[in-house]
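Student: Could we go through this structure together, one question at a time? I would like to see how each answer is reached.

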Amino acid sequence: MTDYQTFDHDVLVIGAGGAGLRAAIAASAAGVSVGLVCKSLLGKAHTVMAEGGVAAALANVDQRDSWQVHFADTMRGGQYVNNWRMAELHAREAPDRVRELEAWGALFDRTADGRILQRNFGGHKYPRLAHVGDRTGLEMIRTLQDHSIHQGIDVHMECTVLRIFTDGGRVAGALGYDRERGRFRLFRSRAIVLATGGIGRAYSITSNSWEYTGDGQALAYEAGAALQDMEFVQFHPTGMIWPPSVRGILVTEGVRGEGGVLRNRQGRRFMFDDIPDNYRSQTADTEEEGWRYTQGDKTARRPPELLTRDHVARCILREVREGRGSPHGGVFLDISWIREKLPAASQHIIRKLPSMYHQFKQLADIDITTTPMEVGPTTHYIMGGIRVNGETQSSTVPGLFAAGECAAGLHGANRLGGNSLSDLLVFGKRAGEFAAAFARTNGPATLDSAQVDDAARRAVEPFERGADGDGRGPYQLQQELQVTMQDLVGIVRTEPEMREALERIGRLGDRARNVGVVGNREYNPGWHTALDLANLLTVSEAITRAAIERQESRGGHFREDYPEKDPAASRFNLVIRKGPDGQMQLTREPIPDMPAELKRVIEEQK
Amino acid sequence: MATDTLKPDLVETGAVEAQEAPSPQPEPLGRATFRIWRGDGTGGALVDYTTTIAPGMVVLDAIHQIQAEQANDLAVRWNCKAGKCGSCSAEVNGMPKLMCMTRLSELPLAEPVSVEPMRAFRPIKDLVTDVSWNFTVKRGIKPFRPRAPDAPDGTWRMAQSDVDRVQEFRKCIECFLCQDVCHVLRDHQLHDAFIGPRFLVHAAALEMHPLDVEDRVPDLRRIHGIGYCNITKCCTAVCPEHITITDNAIIPLKERVVDEFFDPVGRLLKVFSRRESGA
C-alpha cells in the first residue's frame, strides 16, 4: 500500500453541519475517539443557511401543543410514508434537544415571560419553531461548533471523502483528500456516521451550495447500503428569481409565518383557490382569519400560504404556467401589506426578518417593507436518502450510520419547515451514541490495501487525461446534468421525460468517466468538481429511477401522468441497492404496521 | 491601513443596474475585466480575465464564470452565496469584502476590478488563504458556563432586551474580514499576542451572555492582548453584518479590564457585592 497520511478514530463523522456536529459531540461524550471531517471550513455547512427555526413541541406559546400533535403533523406532512418510529422519537425528543442548546449558549428569541419564543410555520398546527429572527441556523451551528471545539474532537477541515471501505461487510475506514494540498488522508475507524446533507447541486435552480453533491448517499450506496425514498425531493416554494445571479437563494417561510401573502400578477391570493381536503378543516376561510392566525389568535386557522411546501410550490407553478405569473416567471410574496394592519410595520419587518430585508436590499434593490418580492420554487431538500434503523440510525451496512438530510425516513414524502433542524439534533445525537456503542463492542477492522490504492488511483486519473475538448470538462458536465434534472425530473414529472433523463444520465456518466482536468492537486476546484460528478450522477439516477417507479403523486413527488394519490402506494417505500452486476436495483419494501397507540394519536389529531 | 481608505467605494456607473425586463432571460450588459491574484505561498501575480456581465451580478458570479470558462483551477472559497456563511472573503479593489454581496453595479467597471486574497493570512492558492489560526485562537477562549437553571425543569428565563445585546455579536458569520483589516494583525503580524476583533466580539458575546458566569477578564488582558487594540474602528467599518465591533464589544471589554486591574476601589466593592449576593 502506498504511504498515506493515516488517522485512527473509533468513530469517524463525515459532514460537519448540525447533524455531524451533534453526532460528534454525542460520540465523544460516550468516551470514544472521534474524527470530524468537513468538506468546507468548520461552521460553514448548510445548517448556517436555515432561517425559520427549529420545530419542538415546547408548548411555550400555545399550551395545546404536545409531542403527539407534532408527531401527527409530521406524518400528515409526510403523507404517511414516513418511518413512524423516527417521527415519534423526533417529536418526543426535540424539546430536550432544543433546551440542551440553550444550556450550551444558544440565545433564542424570548416570550414575554422570558422563555423560548415559538413561531408559526407551514404544516405545524401550533406555533412551534424556536428561532432567532431569521438566522436560526447560524445560531444553531455556532452553538454546536463552539461547544464541540472543547470536547477533544479531531477536526479535518476542507477534506472530502472519496470512498468508504468495508471488511467482511462491516465498516473499516475511509479515504479522503485535503483541498489545500490534494493529499490523501486514510481514516481507520470502527464506525462511520454520514452527515453530508443533500443533493441540491443535481439541479440548476437550488438553494444549496457547491458542497451538496449527494456524497453521503453515493458513498453509502457504493459501500453496499440501501437508499430509500429518493423520489421525494423538496422544491421550496419561495426562492429568489431576480436578478438571475441570485436565482434559487432561499426566501424563508418565516415571511409567510409573519403574515406575508402570495399574489399573482392580477393581485389575487391564489392560494385560497386550491386547498387539499386533508388540510381543509385546519385552513382559514377568509383572509382576515389568516391574518389573525399569524398574529397569534388561537381561535383562528392558518392561511393557505402556510400549507405544506410541496403544495405551495405546485400552486405557484400553476399560476406561472397559466400566464398569471410575475414579470420574471414567479409570483409575488408580499409582507409590506401588513402596513395596513400594524402601526410601525417597517420596523417590525426589519426586526423579525433582518436577513431577508438585507438580502433583497443588497442583492435585488428591493425594500421588502414597501415592495413585494418576486419568488419561485427552488430545489431545497431531499426527504429520501440512506435507509436507516429508526432508533439507531444504522444503515444496512454494519458500522455505517447516517443522520440528518442524507438519511431517509423521518419526513416521508414531504418535510415540514423547521423539522430539519430538529432532525439534525435528535438523530445526530442518536447516530453518534449508537456509532460509539458499535465502536466499543466491535474490534478494529482491516483495511484492504488494494481497495485503498484503487480509490486513490482513480481519484488522480483526471489529471492523466488532462484538458479535453474545449477544456470546460467538469463544469460543462455538471451543468448539463443540472439542466437535465431541472427540466426532466423537477416539480412536475412524466414517464417519457424521465426515461429521456435516464438516457442522458447514462451518456453523461460515460463522459464523466473520461473527464480530464488541468492544473495540479493544490486547491483545484476543477478537479474537485470532476470528483463530485460521480456522486451527483449516482443520486440523479436513483432519484429518476424511483420517480419513474412511483406511479402516483404524493408530497414532493408529482406525476402529471398520475396526478392522484394511490392509497396502495402508501404502504411501501422504494429502496435502491447496488446489484451484483453493478446496476441499480429497485425494490418495494412494505412499511411496517404502526402500533395502535400511534394510530390513535393520528386519529385524535385529524 | 488608515481608516479613511476603508470607506466603501460606492461609485455608481449606472451601467449594470438591474432592469425590469419582460423576459426572464437576462440581456448581457457588456464585458468587464477582473484583475485576479493567482499564486500560492511562494508568490504570485495579478492576471487579467475579461468576461460577460449580466444584470445583478456580484463579484463571486464573475469569479465563477471565469473559473468555468477560462481558468478551471482558479481557487476560491464559497458556500452560501447569500452573505450568511462568511466563506468568500477577499479584497475587491483593495476593500475587504464578501464577494457574494459585492454587486458589480457598485464598482467602476471602466477599469479592471482587482480581486485579491485577504492579506492578513498566509496565501494557500489564488483567493484562498490559510485562516486556520482563527480556529486555534477560538479554542483558547474560556467556553460558555451557565448559571444554575432558573426553573425546576432545567430551563432559564431571560428578557428579550437582555438577549438583544448579545444577539448583535452572535450575528457574526466568521468571515474574518475584521481580522484582515486590523492593523495589529495585518501590518504588525502580532497573531501570537492578539486575538483580533472577531474573537473580542466572541469574548464579548460570552461575557455579556445573560447566563454566563465565567470570568474572562484576566485572560483578555494577559493572554488575548486586548490592550493592542487602539480603537481605530477599521473592523467595524468592514463588518458585513454591521456589528458595532469597537463601540459595543471591544470598548466595554476594555472597561471591564480597567475596572478589574486599574481601579482598586471598584475592585474591592465588586468583591464585597459578589459575596453578599452569593454569586
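Student: In chain B, what percentage of the contacts between residues at least 6 apart in sequence join residues at least 24 apart?
Tutor: Happy to start there, and keep in mind that this is a predicted model. Chain B has 10 helices and 7 strands. Among its contacts between residues at least 6 apart, the share that joins residues at least 24 apart is 65%.

Student: And what is the corresponding share in chain A, for contacts with a separation of 6 or more?
Tutor: Chain A comes to 17 helices and 18 strands. For its contacts with a separation of 6 or more, residues 24 or more positions apart account for 75%.

Student: How does the radius of gyration of chain A sit against the globule rule?
Tutor: The C-alpha trace of chain A spans about 70 × 50 × 50 Å along its principal axes. For 606 residues the globule rule gives 25 Å, and the chain is close to that, so it is as compact as a globular protein of that length. The radius of gyration itself is 23 Å.

Student: Which residue stands opposite Met240(A)?
Tutor: Start with the strand pairing: 6 bridges join β11(A) to β14(A), residues 373-382, and the two run antiparallel. The residue of β14(A) opposite Met240(A) is Val375(A).

Student: What do the buried residues of helix α9 in chain A pack against?
Tutor: This helix, residues 309-321, has 10 of its 13 residues buried, so it is largely enclosed by the rest of the structure. Among the buried ones are Val312(A), Ile316(A) and Leu317(A). Their packing partners in chain A are β11, β13 and β14.

Student: How far apart are the end C-alpha atoms of α9(A)?
Tutor: At 1.5 Å a residue, the 13 residues should span 18 Å. The model agrees with that expectation, with the end C-alpha atoms separated by 18 Å.

Student: Which residue with a positive phi follows α9(A)?
Tutor: Its phi is near 85 degrees. The residue is Gly323(A).

Student: Which element gives the largest share of the side of chain B that touches chain A?
Tutor: In all, 53 residues of chain B are in contact with 53 residues of chain A. The elements giving two or more residues to that side of chain B are α1, β6, α2 and α3. The largest share, 5 residues, comes from α3(B).

Student: By class, how many residues on that side of chain B are nonpolar?
Tutor: The side of chain B that touches chain A includes 11 polar and 14 charged residues. The nonpolar count is 28.

Student: Is Phe261(B) buried, partly exposed or exposed?
Tutor: Phe261(B) is found in helix α9 of chain B, residues 245-262. Because it has 13 C-beta neighbours inside 10 Å, it counts as partly exposed.

Student: Where in chain B does pLDDT stay under 50?
Tutor: Chain B has a mean pLDDT of 88, and 86% of its residues reach 70 or more. The stretch where pLDDT stays under 50 is residues 1-24.

Key
Residues numbered from 1 in each chain as written. Chains lettered and ligands numbered in written order. Predicted model: local features only at pLDDT ≥ 70, side-chain atom pairs only at ≥ 80, totals over all residues. Contact = placed C-beta atoms within 7 Å. Helix = DSSP H or I, 4+ residues; strand = E, 2+ residues; numbered from the N terminus. Nonpolar A, V, L, I, M, F, W, Y, C, P; charged D, E, K, R; others polar. Pairing = 2+ DSSP bridges. Rg over C-alpha atoms; globule rule 2.2 N^0.38 Å. pLDDT = per-residue confidence, 0-100. Expected span 1.5 Å × (residues − 1). Buried ≥ 20, exposed ≤ 12 C-beta atoms within 10 Å, placed from the backbone.
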